[in-house]
Amino acid sequence: MNMETTPPASSGVEAPASPRTLADVGLGTVMMRDILLKSMFRMNLSFVTDISKVVCLPVPLVQELVDMARQQRLVEATGTLHATSGNEMGYQLTEAGKNRAMDALSQSEYYGAMPVPLEAYKVQITKQSIRNIKLSREQLLSGMGHLILPDDLIGNLGPAVTAGRSILMYGPPGNGKSSISNGIIASVGGKIYVPRAIEYGGIVISVYDPIVHSKAEAATDDPNSLRRTSNRFDNRYVYCDRPSVITGGELSLDMLDLTYNPVARTYQAPLQMKSNGGIFIIDDLGRQQEPPQKIVNRWIVPLEESRDILALQSGEKFTVPFDTLVIFSTNFHPNEIFDGAALRRIFFKIKIDGPNQENFLKIFAMVARKRKMPLDEQTLLYLMKNKYPTINNNYANYQPVYLIDQMIAVCEFEGIPYQMTPELIDRAWSNMFVKQETIVH
């Protein structure tokens with residue numbers, strides 16, 4: 001890891017400046033002191049350079065906080081020197097310091113990185129907004145990789161993604177709505193700064209989530225620097241790839257609210273807040289416990305006003321930025337699951353149909369090549385003339401993969417070279433479609 005890092009110019013996002021004074025941190029001195037004491041107590045920290053890494057503040061500011069705590073007789077010097085940092089003095093909590101740390105922990109178990117004030121977070125979100133992205137046709141095609149898509153689909157998707165507004169993709173299952181969503185994620189790219197936690201009214205809300213956020217690099221204070229202020233950006237943030245949150249049938253409305261841990265008395269940001277600056281995909285809309293109409297109703301204010309309303313345990317409500325490209329994906333026709341008012345709130349509606357015969361054959365050939373399955377023209381003719389007419393020539397993107405993998409499974413079991421025959425097509429087809437029949441119990 002580099003001791004001094006700076007984001008690449010291509011990221012196009014202005015970094016949050018590292019605080020130079022305690023006032024720049026934007027938190028009350030009592031809150032900062034208590035987080036320092038809790039961190040020292042919970043992690044058995046003794047040296048300022050180690051504390052600096054944990055609370056994510058530059059060394060000089062941590063030293064100020066330690067000196068403040070010493071004056072209040074909550075911290076004392078140990079007389080121990082840091083083995084690897086020259087003549088750095090060690091510190092420990094006094095009995096009064098331990099008592100204060102435990103009292104603070106009883107109010108909130110949160111310790112570690114100093115949170116970013118909500119107002120400062122709002123400023124940073126504006127600087128790195130998903131709506132600032134201008135996507136070209138070439139970038140979108142590149143993100144889609146190997147997908148074979150109709151030309152007009154790219155023409156419809158491009159403006160939708162560039163606008164950073166909500167998108168509804170609908171159409172029959174198995175035609176790549178999920179793959180297209182992933183292609184959009186790849187196309188957008190770029191990196192942003194995600195706060196480890198934010199503060200509102202003395203309450204700390206954890207935001208950075210290693211499950212959602214992919215860390216790119218970190219700024220670290222250089223203990224060998226004379227001034228020890230070598231951070232190139234505020235280390236209370238994590239420099240990450242633009243986030244992408246993908247949910248499916250498991251999504252419930254309570255996942256879109258603050259999560260409160262009553263034992264630790266701490267809050268975790270909801271999914272849409274973790275996706276700020278990135279993409280939030282609701283896949284398989286209509287498969288959740290709550291009806292689609294109810295899910296979209298929850299997004300009315302965020303989608304229209306770019307802000308979300310969250311509630312604390314006390315019932316107090318406050319607003320946070322909502323800066324995410326929301327993609328709804330469903331196999332149902334929109335008119336079946338939404339009323340007109342809900343549909344108006346979704347800015348772009350894009351139908352994802354199955355491929356035509358030409359594109360289907362291109363996909364089939366591409367999959368066969370990847371799977372090392374030799375193509376057989378007579379077998380392909382058999383498939384097109386004998387099988388597809390039985391389903392009204394309804395082609396779907398998933399079918400080539402399904403059919404070829406079925407034939408491969410048979411070949412491997414029988415110990416024969418990969419091959420494509422009408423008999424194997426019949427066997428694969430029978431697994432792809434189940435005949436309607438009555439089962440006698």
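Helix and strand names here follow DSSP runs numbered from the N terminus, with helices (H or I) of at least four residues and strands (E) of at least two.

A word on the model: it is predicted, so local features need pLDDT of at least 70 and side-chain atom pairs count only at pLDDT 80 or more, while totals for chains, interfaces and linings use all residues. Residues are numbered from 1 along each chain as its sequence is written, and side-chain values use heavy atoms, with hydrogens and water left out.

H17 covers residues 399–414, and at 1.5 Å a residue its 16 residues should span 22 Å; the end C-alpha atoms sit 23 Å apart, which agrees. That expected span is 1.5 Å times one less than the number of residues. Just after H17, Gly415 takes a positive phi of about 70°.

Contact here means heavy atoms within 4.5 Å.

H18 has its own buried set: Leu424, Ile425, Ala428, Trp429 and Met432. They cover an arc of only 135° around the axis, which puts them on the same side of H18. Those buried residues pack against H16 and H17.

## The parallel sheet

An open sheet of five strands runs in the order E10-E13-E16-E4-E17, with parallel pairing; two strands pair if DSSP finds at least two bridges between them. Strand E10 (244–247) and strand E17 (348–351) stand at the edges with a single partner strand each, so one side of each is left without a neighbour in the sheet. Neighbouring strands of this sheet are turned by 15° against each other on average, direction ignored.

E10 and strand E13 (residues 279–282) run parallel and are joined by four bridges. Ile246 has Ile281 in E13 as its bridge partner. Helix H8 (residues 151–163) packs on the sheet, touching strand E4 (167–170), strand E16 (325–330) and E17, and its direction makes about 155° with that of E17. For these angles, axes are lines fitted to C-alpha atoms (for helices, over the stretch in contact), and values run from 0 to 180 degrees between N-to-C directions.

Ser181 lies in helix H9 (residues 177–188). At 2% relative accessibility, Ser181 counts as buried. Leaving aside residues up to four places away in sequence, Ser181 touches Met169, Ile281 and Ile327.

## The mixed sheet

Another open sheet has five strands in the order E3-E6-E7-E12-E11, and here the pairing is mixed. Its edge strands are strand E3 (116–117) and strand E11 (259–261), each pairing on one side only. E11 and strand E12 (residues 266–268) pair in the antiparallel sense over three bridges, and Asn261 has Thr266 in E12 as its bridge partner.

Ser206 sits in strand E7 (residues 203–206). At 17% relative accessibility, Ser206 counts as buried. Not counting residues up to four places away in sequence, Ser206 touches Tyr110, Arg196, Ala197, Tyr267, Gln268 and Ala269.

## Nonpolar cores

A nonpolar core is a set of buried Ala, Val, Leu, Ile, Met, Phe, Trp, Tyr and Cys residues joined through side-chain atoms within 4.5 Å. The largest one has 33 residues, and those with the most contacts inside it are Met40, Ile51, Val62, Leu65, Val66, Val75 and Met114. Helix H4 (59–71) is among the elements that each supply at least two residues of this core, and the largest share, seven residues, comes from H4.

Leu65 touches Leu22, Met32, Arg33, Leu36, Leu57 and Met114, with residues up to four places away in sequence not counted. A second, separate core of 25 residues includes Ile205, Phe233, Tyr239 and Cys240.

## The E14–E15 hairpin

E14 and E15 form a hairpin with five residues between them, and Gly315 in the turn has a positive phi of about 100°. Five bridges join strand E14 to strand E15 (residues 317–321), and the two run antiparallel.

Definitions and conventions:
Buried means under 20% relative accessible area, exposed over 50%, partly exposed in between (1.4 Å probe, protein chains only). The arc is that of the directions from the helix axis to the C-beta atoms.
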